[in-house]
Protein chains: 2
Amino acid sequence: MSVPSQLSSTETLSLLSLSLACFGIIANTFHGDGEPLIASLAFSGIAFAASFSMIRWLGPTFMKAGLKGKDMSKVHKKEIPETMGAVCAVVYLLLIIMFIPFPFYKDIVAATSGGGNRDVVLEIHVVETGRFLHRFPHSKLASYLSAILSLQSVSILGIGDDLFDIRWRHKFFIPAFASIPILIVYFVDFGVTQIVIPTPLQPYFGELFELGPLYYLYMAAIAIFCPNSINILAGINGIEVSQSLVIAFLLVLNDTLYLLAPYPHPATDSHLFSLYMLLPFIGVSLALWWHNWYPARVFVGDTYCYFAGMVFAVVGILGHFSKTLLLLFIPQIFNFIYSSPQLFRIVPCPRHRLPRFNARTGLLEPSVTEWQHPPKPTVATVLKGLHKLHLIRVTTNREGQIIESSNLTLLNLWLVWFGPRREDRLAAEIVALQVVCGLLGLFVRHRLALWIFRSDNLTV
Amino acid sequence: MSVPSQLSSTETLSLLSLSLACFGIIANTFHGDGEPLIASLAFSGIAFAASFSMIRWLGPTFMKAGLKGKDMSKVHKKEIPETMGAVCAVVYLLLIIMFIPFPFYKDIVAATSGGGNRDVVLEIHVVETGRFLHRFPHSKLASYLSAILSLQSVSILGIGDDLFDIRWRHKFFIPAFASIPILIVYFVDFGVTQIVIPTPLQPYFGELFELGPLYYLYMAAIAIFCPNSINILAGINGIEVSQSLVIAFLLVLNDTLYLLAPYPHPATDSHLFSLYMLLPFIGVSLALWWHNWYPARVFVGDTYCYFAGMVFAVVGILGHFSKTLLLLFIPQIFNFIYSSPQLFRIVPCPRHRLPRFNARTGLLEPSVTEWQHPPKPTVATVLKGLHKLHLIRVTTNREGQIIESSNLTLLNLWLVWFGPRREDRLAAEIVALQVVCGLLGLFVRHRLALWIFRSDNLTV
């Protein structure tokens with residue numbers, strides 16, 4: 001099967017009508033109060049249509065520029081375009097920039113009309129200073145802009161990574177650089193660095209605990225963790241985009257719970273902000289998913305993983321729900337901890353740890369790392385113990401020395417547990433796991449949190 | 001001569017001492033009032049050192065990734081790294097982001113200290129709403145952030161252009177997309193769309209003329225013009241960086257004239273903003289210039305031209321001195337108008353219009369475009385007229401039909417006028433021309449402007 005770079009006529013027609021409908025909706029929002037949420041939905045439709053077509057059209061261009069890769073888990077290892085996440089990121093960024101005026105439409109109208117007395121006495125004042133600037137929520141605008149800046153930074157650095165194949169120990173810190181804009185604006189703008197102490201601990205620490213500079217370290221850690229954790233739960237068709245989509249949908253669900261609250265919730269603004277950032281992200285990701293699900297016609301590249309993780313980090317940090325965010329990352333947290341012996345080189349780490357494709361059966365099997373030298377006695381004991389607990393699979397030689405152990409990723413562990421399976425089935429099962437863990441997380445957040453925190457969303 | 005990718009020990013030592021000195025200065029600024037201008041100078045030193053070393057170190061990486069080009073105007077057409085402007089852009093963007101808190105240092109201190117009464121009564125208020133946000137110049141922060149966003153957008157799109165070789169008619173609009181952030185923030189934030197009418201015309205149009213939406217078109221036109229005009233005055237070693245450096249230095253001179261005014265000028269803030277953006281730009285550009293001047297060891301790529309032009313457009317638009325800015329672009333404006341017959345295909349336009357290298361003499365000569373079909377009679381008459389005025393050189397066959405005409409660029413015209421010369425001499429002469437035109441422009445602006453405008457810097 002060759003990769004078609006044209007849209008079929010059905011696709012063209014559908015995407016065109018979707019775009020037209022969305023443009024119509026956006027034009028209509030100007031009649032009312034701006035209706036930013038509806039406009040955001042329409043922008044997301046356009047985001048889907050635009051990235052869907054551009055992923056298709058730019059395929060040959062990417063291949064020609066050398067942005068291509070071989071799909072290793074197929075019988076015919078054909079080359080397909082790589083780094084298509086960059087297309088999604090650029091479409092997303094342009095659209096989210098054009099969306100800026102919408103959340104502020106009401107404020108702009110208020111500021112420009114000047115409460116109706118502009119024509120009477122204030123003409124000169126208006127000319128000299130612009131408009132009624134004191135009425136405008138500039139701090140909201142600044143944090144919105146800083147969010148876009150962080151996402152743009154991570155995209156530039158991600159593209160650099162995809163082009164130059166930066167070393168693991170360097171690229172780990174890419175999101176840290178990219179998080180500087182939100183951290184700085186957070187510092188300049190809010191500066192709230194207290195966290196709410198769980199009720200049982202309040203006698204010892206007080207109601208609020210001032211973290212100070214540590215709070216910025218905590219936020220930087222979130223910004224480093226989210227992108228990297230998506231980037232290491234990767235390697236089979238569709239898995240990067242699917243997990244990101246699940247997290248995005250669950251965050252949208254979480255936001256909706258706040259917006260549908262019977263009373264106006266104090267955190268409404270944060271969650272609206274989160275929706276404005278997430279809906280277009282879902283739009284571009286669905287378009288990418290369409291082309292990246294088994295059998296993949298394009299690869300997403302590290303750019304997508306960084307970009308997706310940064311979207312989550314940004315809404316979590318600026319929306320003040322970073323702890324809730326982490327509840328949706330349970331499989332990623334597990335995968336990260338489980339991977340750490342290889343990341344920190346206690347166990348040898350090959351260049352790629354994706355599951356091994358068995359061309360005879362067409363199924364994926366756990367991939368292994370070979371021990372050139374037998375492990376140290378303590379490491380060997382631990383590995384054999386983990387083997388007994390079915391948390392790893394080791395192969396020993398006749399002397400009982402470990403010669404192979406399965407690579408430490410969630411994907412390999414799943415294959416150890418449930419046996420070889422086809423690529424798409426493995427991806428679907430991991431996605432299902434992500435959904436279940438995430439829903440559990442949200443349940444804990446909304447039903448059980450009041451047991452350990454006295455009130456909901458005071459400052460966090 | 002091979003391209004060395006290591007720094008010599010002298011270079012390492014110099015760059016290291018420069019960086020250390022700069023870090024020391026930055027650390028020291030925290031003792032006083034923040035001294036953003038001194039900090040900005042120190043950041044520019046770091047910008048120079050960082051981009052100098054990274055341009056050197058990343059050379060082989062760029063070559064390996066296929067970002068390389070042949071230098072056509074040399075006897076030995078060796079391949080050298082291309083798109084090094086992207087390195088400058090990324091270094092610049094990271095540093096300018098880290099610089100954000102400095103111009104706001106005084107405001108942050110004022111907001112956090114709360115005028116000294118924070119500890120007395122306002123504890124809860126502080127916790128609930130962050131800090132004394134009403135004292136903070138959020139609109140300044142927003143326009144600063146939007147400037148960075150525009151520069152980042154143009155860098156991403158420029159890198160895309162360098163990677164995929166986008167067609168001329170598409171890439172012309174890249175800066176238009178990138179200018180959206182500043183235009184939107186300008187709309188949301190200032191909305192001043194009046195221009196001051198020159199005194200002689202005031203009886204007819206009034207003192208101020210409301211341009212309305214046209215003002216945004218005007219700003220977009222500036223943003224499209226500056227990057228593209230630098231991009232088409234290109235093609236010989238060092239010319240792109242040198243002209244940008246001249247414009248940047250002249251803008252700094254212009255800013256300094258305002259800051260040194262005997263009375264506090266109302267536009268002081270705009271010109272401080274301009275300096276904060278320009279000084280680090282000069283830092284990264286000098287490092288690039290060092291490697292790009294004849295004989296070039298790296299190429300700058302379209303990314304640099306877009307990025308440089310956008311820096312100028314951003315300071316001109318947000319600093320409200322776009323007309324002054326255009327006075328510094330006289331050679332570029334001439335080159336653009338002179339090129340337009342080829343840009344609009346009235347005269348055939350080959351892929352490259354750079355001067356032709358004569359390997360025998362080692363000198364550059366005017367390059368020509370060949371007329372496959374003789375031009376239409378009107379076009380032929382005009383061309384022959386221009387030939388008589390020495391504004392173009394045409395070659396005719398025996399029947400008097402035009403078979404060749406020199407390419408319509410300032411560089412070729414210079415060679416037509418003054419004869420063949422070596423690449424570096426041509427570049428130096430064009431740079432000298434830029435300096436003379438720019439100084440004249442500034443003289444007109446500061447000495448003659450009051451003849452046609454009643455007051456200086458009211459709203460423009």
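Phe205(A) is partly exposed, with a relative accessible area of 45%; partly exposed lies between buried, under 20% relative accessible area, and exposed, over 50%, taken with a 1.4 Å probe and protein chains only. The model is predicted: local features need pLDDT of at least 70, side-chain atom pairs count only at pLDDT 80 or more, and totals for chains, interfaces and linings use all residues. Residues are numbered from 1 along each chain as its sequence is written, chains are lettered from A and ligands numbered from 1 in the order in which they are written, and side-chain values use heavy atoms, with hydrogens and water left out.

Phe205(A) sits in helix 10 (residues 202-205) of chain A. Helices (H or I, at least four residues) and strands (E, at least two) are DSSP runs, numbered from the N terminus. Together with Leu201(A), Tyr204(A) and Phe209(A), Phe205(A) forms a nonpolar patch on the surface, with about 440 Å² of accessible area. Patches are made of residues with over 30% relative accessible area and no salt bridge, where like charges are joined within 9 Å and nonpolar side chains (Val, Leu, Ile, Met, Phe, Trp, Tyr) within 5 Å. Accessible areas come from the Shrake-Rupley method with a 1.4 Å probe, and for residues only the protein chains shown count as cover.

Chain A as a whole has 19 helices and nine strands. Of its 460 residues, 55% count as buried. The chain exposes about 20,300 Å², and carbon and sulfur atoms supply 66% of that area.

Aromatic rings come next. Over all chains there are 50 aromatic pairs; rings of Phe, Tyr and Trp (its six-membered ring) pair if their centres lie within 6.5 Å, with planes under 30 degrees apart counted as stacked, over 60 as edge-to-face and the rest as tilted. Phe48(A) and Phe52(A) form a tilted pair, 5.6 Å centre to centre with 45° between the planes. Because they are four residues apart in helix 2 (residues 36-64) of chain A, about one helical turn separates Phe48(A) and Phe52(A). Phe48(A) is buried at 18% relative accessible area, and Phe52(A) is buried at 3%.

In chain B, Tyr186(B) and Tyr216(B) make an edge-to-face pair, 6.1 Å centre to centre with 80° between the planes. This pair links distant parts of the chain: Tyr186(B) is in helix 10 (residues 180-189) and Tyr216(B) in helix 12 (residues 213-232), 30 residues apart. Both tyrosines, Tyr186(B) and Tyr216(B), are buried. Helix 12 of chain B also holds Ala220(B), which is buried at 16% relative accessibility.

Arg353(A) lies in the loop between helix 16 (330-343) and strand 5 (356-358) of chain A. Arg353(A) is buried yet has no salt bridge, and the nearest side chain of opposite charge, Glu240(A), is 12 Å away. A salt bridge is a side-chain nitrogen of Lys or Arg within 4 Å of a carboxyl oxygen of Asp or Glu; for charge, Lys and Arg count as positive and Asp and Glu as negative, while His and the chain ends are not counted. Leaving aside neighbours within four places in sequence, Arg353(A) has contacts (heavy atoms within 4.5 Å) that include Ser339(A), Asn407(A) and Asn412(A). Arg345(A) is found in the loop between helix 16 and strand 5 of chain A. Arg345(A) is exposed at 55% relative accessibility, and its phi is near 60°, a positive value in a residue other than glycine.
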